[in-house]
Amino acid sequence: MNGEQNTEQVFQIGSIRAKQLDLFAPLLLLAVVDAMKRGEPVTAIGIVKEGIACGALAGYIESGCFHVASLYVTPDYRRAGGAGQMLSKLEQILQKMDGIWAMDMSFTNLDPDNASMIPFLEHYGFALTDDTGYNIYTFTLEQLAGDELFEKEASRSLKIVPFAKVADDILHMTQKHAFEKGAPVPEGTLTGQEIEKELSHVVIKDGEVVAFAVFDRSCCGVLSLCSLWSEESNPIILFSLLKTVITRAKELYPPKTPIALQVINDRSLRLIEAIVSDAKKVSYTYEKALVKHD
Ligand SMILES: CC(C)(COP(=O)(O)OP(=O)(O)OC[C@H]1O[C@@H](n2cnc3c(N)ncnc32)[C@H](O)[C@@H]1OP(=O)(O)O)[C@@H](O)C(=O)NCCC(=O)NCCS
């Protein structure tokens, strides 16, 4: 490790080089490890004590901001200033770069281990940013609106079919078509292994797929509505689709099952307000301005 000794905390600290990646990989998010293996410009810092890798911080720069993508200290080494040391090291590195004005970190509270992140970031001068309602929300199946909300809008002229009963090539074509029209498409594909095929549905009108709702487990393993798209801005189509998936979800899963939905625009914000009461925000972004020393 290309590092320096901190006599007070006895952590060695330094940048994580490619050849040390295996040592620190268990302390980094998988996506970060993969990005580093691909040679992407990731800044990664690690701490070691008595030969044991006990913490890592990694992130990347975008639009003048350093995004901390991964920060972790193993439980036995916490509250000894290790994460603080990595943050100070990062600030030293960023001080030398031009055009970097802030650092931020986004995380969800779905993993209880993340609860320590908020007091830690506040301790080091980070502040919660205003998300203007765009966030990941969770709620349980039983919190979802019942049939009364959808009674008037339901339409019998549409065919609503689970992915499990749709041929893969139709789903491929649908994905391509929807993507061209600007639909939010899940990380994988509509035919990916991770898709909940019994719960995800397409709407067919006059033989064409005109809308879909896709569920996977992309948000911390929780059942997640990861994509909702309708070609026409026709509320009947959307509400018929939602009625079907909500009814099906209630058949497939117990009432206390948690569901996650990411709000990415005003439309999805209105949607969540309409279909669920008391949804909880689970994602936080904390930010700190970088004060440049001359
Ligand atoms: C958050 C985390 C990185 C902090 O690491 P750390 O090395 O213990 O942090 P530090 O010792 O530098 O803490 C500095 C200060 O932050 C605050 N702090 C840190 N952890 C805290 C906690 N659990 N509760 C309250 N305050 C806390 C304290 O003010 C602390 O100073 P103090 O110990 O003198 O009171 C660590 O707890 C962790 O890895 N948590 C899990 C995060 C995770 O799940 N990451 C994966 C997704 S990216």
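A residue counts as near a molecule or strand if its C-beta atom, placed from the backbone, lies within 6 Å of it. Keep that in mind for the ligand stop below.

**Before setting off**

This is a predicted model, in which local features need pLDDT of at least 70 and side-chain atom pairs count only at pLDDT 80 or more, while totals for chains, interfaces and linings use all residues. Residues are numbered from 1 along each chain as its sequence is written.

**Stop 1: the whole chain**

Show the protein chain as a cartoon. It holds eight helices and 15 strands; helices (H or I, at least four residues) and strands (E, at least two) are DSSP runs, numbered from the N terminus. Along the principal axes, the C-alpha atoms fill a box of roughly 75 × 40 × 35 Å.

Now colour residues 2-100 as domain 1 and 136-281 as domain 2, with bounds that come from an automatic or database domain assignment. The C-alpha centres of domain 1 and domain 2 are 38 Å apart.

Of the 294 residues in the chain, 34% count as buried. Buried means that 20 or more other C-beta atoms lie within 10 Å of the residue's own, exposed means 12 or fewer, and partly exposed is in between, with C-beta atoms placed from the backbone.

**Stop 2: around the ligand**

Select the ligand and the 21 residues around it; Arg78, Ala83, Gly84, Ser116 and Pro119 come nearest. At least two residues of this shell come from each of β5 (65-73), α3 (82-95) and α4 (117-123).

By type, the shell has ten nonpolar, seven polar and four charged residues. Here Ala, Val, Leu, Ile, Met, Phe, Trp, Tyr, Cys and Pro count as nonpolar, Asp, Glu, Lys and Arg as charged, and the others, Gly among them, as polar.

Next, click on Arg79, in the loop between β5 and α3. Arg79 has a positive phi of about 60° although it is not a glycine. Most residues other than glycine have a negative phi. Arg79 counts as exposed because it has 10 C-beta neighbours inside 10 Å.

**Stop 3: an exposed loop residue**

Go to Glu40, in the loop between α2 (30-37) and β3 (43-49). With 10 C-beta neighbours inside 10 Å, Glu40 also counts as exposed.

**Stop 4: a seven-stranded sheet**

Select the open sheet whose seven strands follow the order β9-β10-β11-β12-β13-β8-β14, with mixed pairing. β9 (159-162) and β14 (280-281) are at the edges with a single partner strand each, so one side of each has no neighbour in the sheet. Two strands pair if DSSP finds at least two bridges between them.

Zoom in on β10 (residues 201-205). Four bridges join β9 to β10, and five join β10 to β11 (residues 208-219); the strands run antiparallel in the β9 and β10 pair and in the β10 and β11 pair. Val203 in β10 stands opposite Ile160, and the bridge partner of Val203 in β11 is Ala211.

The hairpin of β10 and β11 has two residues between the strands. Asp206, in that loop, has a positive phi of about 50° although it is not a glycine. With 8 C-beta neighbours inside 10 Å, Asp206 counts as exposed.

**Stop 5: helix α7**

Finish with residues 235-252, the 18 residues of α7. Which residues of α7 are buried? Among them are Ile237, Leu238, Phe239 and Ser240, and also Val245 and Ile246.

Notes
The expected span of a helix is 1.5 Å times one less than its number of residues.
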